[in-house]
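Thanks for coming. I will take one structure today and go through it piece by piece. Please keep the display in view while I talk.

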Amino acid sequence: MRLLLILCCISLSTTAQKIIALKCGQVLDVRTGQLSKNVTIVVKDNKIEMISQPGAMVKIKADTVIDLSEYTIMPGLIDCHTHVLLQGDITSEDYDVQLLKESVPYRTIRATNSCRIALQNGFTAIRDLGTEGAGYADVDLKKAINKGVIPGPRLFVSTLAINTTGHYPLSENTYAWELHLPKGLAEITGADEARKTVREQIAHGADWIKIYADRSYTKQPDGSYRSLPNFTNDEIMAIGDETIRSHKKLAAHAVTRDGILAAINAGASSIEHGFGMDDECIQLMLKKNVYWCPTIYVNDYVAEGRAKAGSPINKYFSETEPALFKKAAAAGIKIAYGTDIGGYDWNQPQSKDFEYMVQYGYTSLQAIQTATINAADLLGQPLLGEIKTGNFADMIAIKGDPTKDIKLLAIVQWVMKDGVVYKTGK
Ligand SMILES: [Zn+2]
């Protein structure tokens, strides 16, 4: 076995740039699945400066050398569907309690914990799809993370999210009508309000616009799924147009064709959930290059409890999801990793969707790609999702080979984000 030589000197030069050398046991190329053994990665400040040839002798003046020779190094994971300001809402009561009994400052304090957990789970970037009644607190969390006030992943935020009047909790018909209830998102009626709301959210710092395109899902006698579309055509087209003309992207919660087709026609870049999509949806997604965030685990997680409480729709989705996933994958639909964590408890695993994808027919590498190169592509972030010279130094270390055993992603041993180590090996 060749020994790797790293000449390490504490730099006394005047440069403020910090150099870290990572001695990696093996490095995973998530594009090809190739594992390169005995590689040195040089990190300068927050970027990957150099990646050595496998087994090559490296002479570098480094401020710090980190021994990761027992690990597989891969890019930091990206979760494209989270809710850092939610702490699980299996039942509507779980949800209502958070909006009614917890102030936004209190929920934001709890969210700092969610952000820390995500980073410890190996997710160095997340797209957070709605604060669920916590206003623009996601923008504050992003600011606090970027300024180093709290640890957390890179946040891509969508602020309040948008639905139409009367179609989102808290619901008037479950409380005394005299009350002015807090709402889980921004409600609009009409194309002008739709445009205004998009403009307000972008002005407040939204990176993405999130809409809820449908509700009231039903399974038809022929086995297909339908729902009620939330927006008029004018409303949803106004949202899409206003989003795209500001060079932002649109994410659509859309479960059946009644939401999915309208959202894609309005310019959505990703369909969230999509449990009830049909062949026409799959074809349109392929044609318009739209990503699918399947959020598989969250549906299974709530299915049993909700069925017992008299609402079996999530159970039906669970039953049909394996066949749908296989069909969509075979058709070549692009999938980005999205968990909806926050919709389920942050202490639950964030890596479960990888396991479901493999169970439903993806290779482990394909599953890994959903949370790396695919997710970076959806986010429009070419410097994320891959270990490459010039990319941001967002990397994780795993014991063993995750392309052979996807379950290893549940135990991330070491995390670096933006050139800073946030978790060291167990
Ligand atoms: Zn969600």
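Predicted model: local features only at pLDDT ≥ 70, side-chain atom pairs only at ≥ 80, totals over all residues.

Before anything else, one cut-off: a residue is called buried when its relative accessible area is under 20%, with a 1.4 Å probe and protein chains only. By that rule Asp 340 counts as buried, because its relative accessible area is 11%.

Which residues coordinate the zinc ion? They are His 81 through NE2, His 83 through NE2 and Asp 340 through OD, at 2.1 to 2.3 Å. Along the sequence the donor residues follow the spacing H-x1-H-x256-D. His 81 and His 83 are both buried. Asp 340 sits in the loop between helix H9 and helix H10, the latter covering 352-359. Its backbone deserves a look as well: phi of Asp 340 is near 70 degrees, a positive value in a residue other than glycine.

Next, the sheet of three strands. The order is E5-E6-E7, the sheet is open, and the pairing is parallel. Its edges are strand E5, residues 77-82, and strand E7, residues 154-157, each of which pairs on one side only. On average, neighbouring strands here are turned by 15 degrees against each other, direction ignored. Strand E6, residues 123-128, is joined to E7 by 4 bridges. Asp 128 has Val 157 in E7 as its bridge partner.

In soluble globular proteins, nonpolar side chains tend to be buried together. Here the largest nonpolar core has 79 residues, and Phe 354 is among those with the most contacts inside it, along with Ile 211, Ile 239, Ile 271 and Trp 292. Apart from this core lies another, of 18 residues, including Val 39, Tyr 71, Met 395 and Trp 414. Coming back to Phe 354, its contacts beyond four places in sequence include Leu 77, Phe 123, Tyr 337, Ile 406 and Leu 409.

How many strands does the open sheet with mixed pairing have? It has 7 strands, in the order E3-E2-E1-E4-E16-E17-E18. Strand E3, residues 47-51, and E18 are the edge strands, each pairing on one side only. Neighbouring strands of this sheet are turned by 40 degrees against each other on average, direction ignored.

The bridge partner of Pro 75 is Met 395 in E16. Further along, strand E17, residues 412-417, pairs with strand E18, residues 420-423, in the antiparallel sense over 3 bridges. Met 416 stands opposite Val 421 in E18. The hairpin of E17 and E18 has 2 residues between the strands, and Asp 418 takes a positive phi near 55 degrees there. Helix H2, residues 104-120, lies across E17 and E18 and runs at about 110 degrees to E17.

On to a helix pair. Two packed helices are described by the angle between their axes and the distance between the axes. For helix H7, residues 279-287, and helix H9, residues 313-331, the axes come within 10 Å and cross at roughly 35 degrees. The crossing of H7 and H9 is right-handed. Asp 279, Ile 282 and Leu 286 in H7 meet Leu 324, Lys 327, Ala 328 and Ala 331 in H9.

Two backbone details to finish. The peptide bond from Pro 169 to Leu 170 is cis, with omega near 5 degrees. Leu 170 is found in the loop between strand E8, 162-164, and strand E9, 186-188. The other is Glu 132, in the loop between E6 and helix H3, 137-146. Phi of Glu 132 is near 55 degrees, a positive value in a residue other than glycine. Glu 132 is classed as buried because its relative accessible area is 4%.

Conventions:
Residues numbered from 1 in each chain as written. Heavy atoms only, no water. Pairing = 2+ DSSP bridges. Axes fitted to C-alpha atoms, helices over the stretch in contact; angles between N-to-C directions. Donors = N, O, S within 2.8 Å, 3.2 Å for Na, K, Ca; no water. Buried < 20%, exposed > 50% of the residue type's maximum accessible area, 1.4 Å probe, protein only. Core = buried A, V, L, I, M, F, W, Y, C linked by side-chain atoms within 4.5 Å. Contact = heavy atoms within 4.5 Å. Left-handed = near helix turned anticlockwise from the far one by under 90°.
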